[in-house]
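Subject: Structure for you to look at

Dear colleague,

Please have it open beside you as you read.

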Amino acid sequence: MKTISFMSLALSAALLAGCHTTAGTSVVLNHDNGGSVVYEGNTRLHNEMSVTAVTYDKVPAGLNRVNIQLTSLVQRELHLQYRIAWFNAEGMEIDGDARTYRPLTLQGLDSVTVTGVANHPSAVTSRLRVREMRAADHVH
Amino acid sequence: MKAMFLPVAGSMVLMVVTGCATAPHVYESELDRAPMTSRIEPQDIRRTVEKMAESLISDAGVLEATGGKRPILDIEPMQNRSQLIVDMKSITDSVRTRLIRSRLFRFVDRSTAGADIAIMDEQAQLGLTDPRKAVKPGRQSAAEMYLTGSLTDMVTHAGRVTDHYYKFTMILKDLRTGEIVWTDEQEIRKVALRPML
């Protein structure tokens, strides 16, 4: 009986580990018309965090800049990573490899504003992607 | 028969086991992954470079100092004042790459000046190059500013916990005035917890 319990526990753990997802939340931002669309690819993250404000401006050199406010919906601390990618008018990503995931710690029910500056004058839209820190641990 | 079977089977099992043990599982990893150690890792360098380049691009002071023109910069490799072995030139090279690709900055490179002279000498003396097309010394652009910085660290031990604090500082100095026209910092703090056993 004990063996069966142990085996079912191990099986559950293996299944849970197998279900580990790298999906996150994406916010697509259009600097031309000021629009933003949020895609939720991770149910847990959707329930824990939301995008509460988006503003656009330009840096003195003329490049687009975006400020996005993220708000925690839970009491506990969230360990996340975010990446802001930039796209040209044809929708192609500019210098994709050069854009990094940055760590972001959201305290319980707190808000944090993340900022991204376009990496090229032709960048007209951007995409913020947020994922849980554990998603970065994904090992094949 | 039995006497032969055991050694043969044993050696086959041994071969299979050692064969499996020596073949490492290799896969291409994502560039930005979770930290594996409390030392400076590639993802820390990448995010430092990105932050510094974004900060420099966003700064109004740099454009003011050059009257709105694309400034010509050079690089002085960053100083490593930490206990780590880090290729500091590689960091400034990466910042330079980002800035050049933004099309807002121009760069000269003193570190390849020797090669420049050697190529010009060859063009002038070997007789292979059309003398009218040969590049002559004395026409290169002059750096108006240079980019440099430093890395420092602080390590604190408390029981099983080791706290590592790193700070990258970069500055942009105007050669003509001697003023620092831009500076920024990237702080990284990592905690390593030693296992009980």
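**What was found**

In chain A, 64% of the contacts with a separation of 6 or more are between residues 24 or more positions apart. Please keep in mind while reading that this is a predicted model.

Chain A has two helices and eight strands, and along the sequence these follow the pattern α-β-β-α-β-β-β-β-β-β. Of the 140 residues in chain A, 27% are buried. Three of its strands form an open sheet in the order β3-β4-β7, with antiparallel pairing. In that sheet β3 (49-58) and β7 (111-117) of chain A stand at the edges and have a single partner strand each, so one side of each is left without a neighbour in the sheet. From one strand to the next, the twist averages 20 degrees. Looking at one pair in detail, β3(A) runs antiparallel to strand β4 (residues 64-72) of chain A over nine bridges, and V51(A) stands opposite L70(A) in β4(A).

Chain B, with five helices and six strands, reads α-α-α-β-β-α-β-α-β-β-β along its sequence. Its radius of gyration is 27 Å, well over the 16 Å that the globule rule gives for 197 residues, so chain B is more spread out than a compact globule. The C-alpha trace of chain B spans about 90 × 55 × 25 Å along its principal axes, and 19% of its 197 residues count as buried. Among the contacts in chain B between residues at least 6 apart in sequence, 64% join residues at least 24 apart.

Where do the two chains meet? On the chain B side, 18 residues are in contact with 18 residues of chain A. The elements of chain B that give two or more residues to this side are α2 (42-58), α3 (60-65) and α4 (88-101), and α2(B) gives the most, with seven residues. By class, the side of chain B that touches chain A has six nonpolar, three polar and nine charged residues.

R33(B) sits in the loop between α1 (2-22) and α2 of chain B, and because it has 17 C-beta neighbours inside 10 Å, it counts as partly exposed. The C-alpha atoms of R33(B) and Q43(B) are separated by 6.8 Å, although the two residues are 10 apart along the chain.

Helix α5 of chain B (residues 113-125) has 13 residues, which at 1.5 Å a residue should span 18 Å, and this agrees with its end C-alpha atoms, which are 18 Å apart. α5(B) is hardly covered, since the count of buried residues among its 13 residues is zero. After α5(B) comes G127(B), with a positive phi near 80 degrees.

Finally, strand β5 (residues 161-174) and strand β6 (residues 180-193) of chain B pair in the antiparallel sense over 13 bridges, and F168(B) stands opposite Q186(B) in β6(B). β5(B) and β6(B) form a hairpin with five residues between them, and in the turn G178(B) has a positive phi of about 80 degrees.

With best wishes

Conventions:
Residues are numbered from 1 along each chain as its sequence is written. Chains are lettered from A and ligands numbered from 1 in the order in which they are written. This is a predicted model: local features need pLDDT of at least 70, side-chain atom pairs count only at pLDDT 80 or more; totals for chains, interfaces and linings use all residues. Helices (H or I, at least four residues) and strands (E, at least two) are DSSP runs, numbered from the N terminus. The radius of gyration is taken over C-alpha atoms; the globule rule is 2.2 Å times the number of residues to the power 0.38. A residue is buried if 20 or more other C-beta atoms lie within 10 Å of its own, exposed if 12 or fewer, and partly exposed in between; C-beta atoms are placed from the backbone. Two residues are in contact if their C-beta atoms, placed from the backbone, lie within 7 Å. Ala, Val, Leu, Ile, Met, Phe, Trp, Tyr, Cys and Pro count as nonpolar, Asp, Glu, Lys and Arg as charged, and the others, Gly among them, as polar. The expected span of a helix is 1.5 Å times one less than its number of residues. Two strands pair if DSSP finds at least two bridges between them. Axes are lines fitted to C-alpha atoms, for helices over the stretch in contact, and angles run from 0 to 180 degrees between N-to-C directions.
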